[in-house]
Amino acid sequence: MRVSIGTGGRVAVIGAGAAGLCSAKNLRDFGSSFKVVVFEQDSNVGGTWSYSEKPGSYSVMYKSLRTNIPKEVMAFPGFPFADELPSFPGHSDVQNYLESYMTKMDLRSMIRFNVDVEKVWKDEGGRSWWVKSSDKVNSEVSVEEFDAVVVCNGHHGLPSYASVNGLETFTGITTHSSVYRTPAPFRDQTVVLLGYGPSGVDIAIDIAKGGAKQVLVAHRGYSQDEGPLANISFRPTMVSVEGSTIHFADGRAVDADRIVLCTGYAYNFPFLDPRVGITVKNQVISDLYRHLIFTKDPTLSFVGIPQKIVPFPLFHYQSVYVAKYLSGEVEVPSQEERENEREEEWKNHGDKPDRFFHVFGQRQWEYMYSLAQQTEQTPMPRALQSVFENAREVRTSNPVSYRARQYEVFGEEETDWSYMLVDPV
């Protein structure tokens, strides 16, 4: 079936992070003269990459953060990072890159800054979307009509907290990784981190290097005590807390000064009217075809849902697909076919926990290739996949110093690209 909102259709994009910026650009470039409005709650673009130490800010970056994906892989197609940057740039470099992308792609005029989206709903006739927003500077409330809505509000809006027996009795300080900025408050202290995902790895190392007396990392994948630094040790997951004492699953315990919950984030769309029918349970967003399109109404889409991916390229391929099917250039399956395909994917998910449904890993390559083929875009060069896989391997084996590795990608045509290690670890 073909879905077309018509020439000059109005499209609301929610969020001006990386996903929102490239969605705006591709809706303009590949759509049918769409009128695109981007709603951004902050005063700048960048989303999660916009660093701030102000209490209550939207930032979840910490001061020392550098990417854990090489810039050679991370860039939007056709818009590379600056040559002089290291392969693993800092958060400020990524923020500058996104600001440059906005400028070079002439996107600023589409963006409304300091605007909260309060409610998104569809009228009773099912013809139009309505967006209620509030301008935080002028205290003005607006209600506007749109033909389609693209949600790009990211993964980091709602911290996820672990349920640990007695955690509320802890006599030290408990924080979530979302508010971590520098290791200074942890100096000379015993710190327990719960979780060892990407942020858990980096924050544990940052705190340990910053002078913590002892850093204990509790996580489900525990296999040994020895950590990557002398003052980092691993433990099985935390089972209970009594005052200052933290108990682990193997019966050991430690008296700690601080707990940092590196337990991730939950998908959150507080502005969507419940009548739309989108729900989130166990980190699964209901009724999304290809982790992107609302099966019941393809004029609602969500760019940037998959995790463990190369984010900017995936956002690009997703948003081109959205722009082309909204213009009627690319067909989408019928609602029944979309729902059947999603059910088949659930069957293939098997016995894995629900929370991993949107976690791609190796699935991302075929996913992006398929979107590129359908939209007649150049697929991501295989050399970049090789860079990503090489970086993943060294990150796992050497989490302290893998960012010293430098890559160089070369070749005349993208399909013939190769890469080399300029400064291997």
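A helix crossing is called right-handed if the near helix is turned clockwise from the far one by less than a right angle, and left-handed if anticlockwise. The model is predicted: local features need pLDDT of at least 70 and side-chain atom pairs count only at pLDDT 80 or more, while totals for chains, interfaces and linings use all residues. Residues are numbered from 1 along each chain as its sequence is written, and side-chain values use heavy atoms, with hydrogens and water left out.

The crossing of α1 and α5 is right-handed. Helices (H or I, at least four residues) and strands (E, at least two) are DSSP runs, numbered from the N terminus. The axes of α1 (residues 18-30) and α5 come within 8 Å and cross at roughly 35°; axes are lines fitted to C-alpha atoms, for helices over the stretch in contact, and angles run from 0 to 180 degrees between N-to-C directions.

On the α1 side, the residues in contact (heavy atoms within 4.5 Å) include Ala18, Cys22, Leu27 and Phe30, and on the α5 side they include Phe312, Phe315, Val320 and Leu326. By class, this contact has eleven nonpolar, four polar and one charged residues. Here Ala, Val, Leu, Ile, Met, Phe, Trp, Tyr, Cys and Pro count as nonpolar, Asp, Glu, Lys and Arg as charged, and the others, Gly among them, as polar.

## Nonpolar cores

A nonpolar core is a set of buried Ala, Val, Leu, Ile, Met, Phe, Trp, Tyr and Cys residues joined through side-chain atoms within 4.5 Å. Buried means under 20% relative accessible area, exposed over 50%, and partly exposed in between (1.4 Å probe, protein chains only). The largest core has 89 residues, and Leu27, Leu193, Ile207 and Phe312 have the most contacts inside it. Helix α5 (residues 311-326) supplies the largest share of this core, nine residues. Another core, of 24 residues, lies apart from it and includes Ile14, Val131, Ile278 and Leu288.

Not counting residues up to four places away in sequence, Ile207 touches Tyr180, Pro183, Phe186, Val191, Leu193, Ala212, Val215 and Val260.

## Sheet β4-β5-β6

Three strands form an open sheet in the order β4-β5-β6, with antiparallel pairing. Because β4 (115-122) and β6 (140-146) each have a single partner strand, one side of each is left without a neighbour in the sheet. The twist averages 20° from one strand to the next.

Strands pair if DSSP finds at least two bridges between them; β4 and β5 (residues 129-135) have seven, in the antiparallel sense. Val120 stands opposite Val131 in β5.

## Aspartate 297

Asp297 is found in the loop between β21 (293-294) and β22 (300-302). The residue is buried, with a relative accessible area of 15%. Leaving aside neighbours within four places in sequence, Asp297 is in contact with Lys122 and Trp129.
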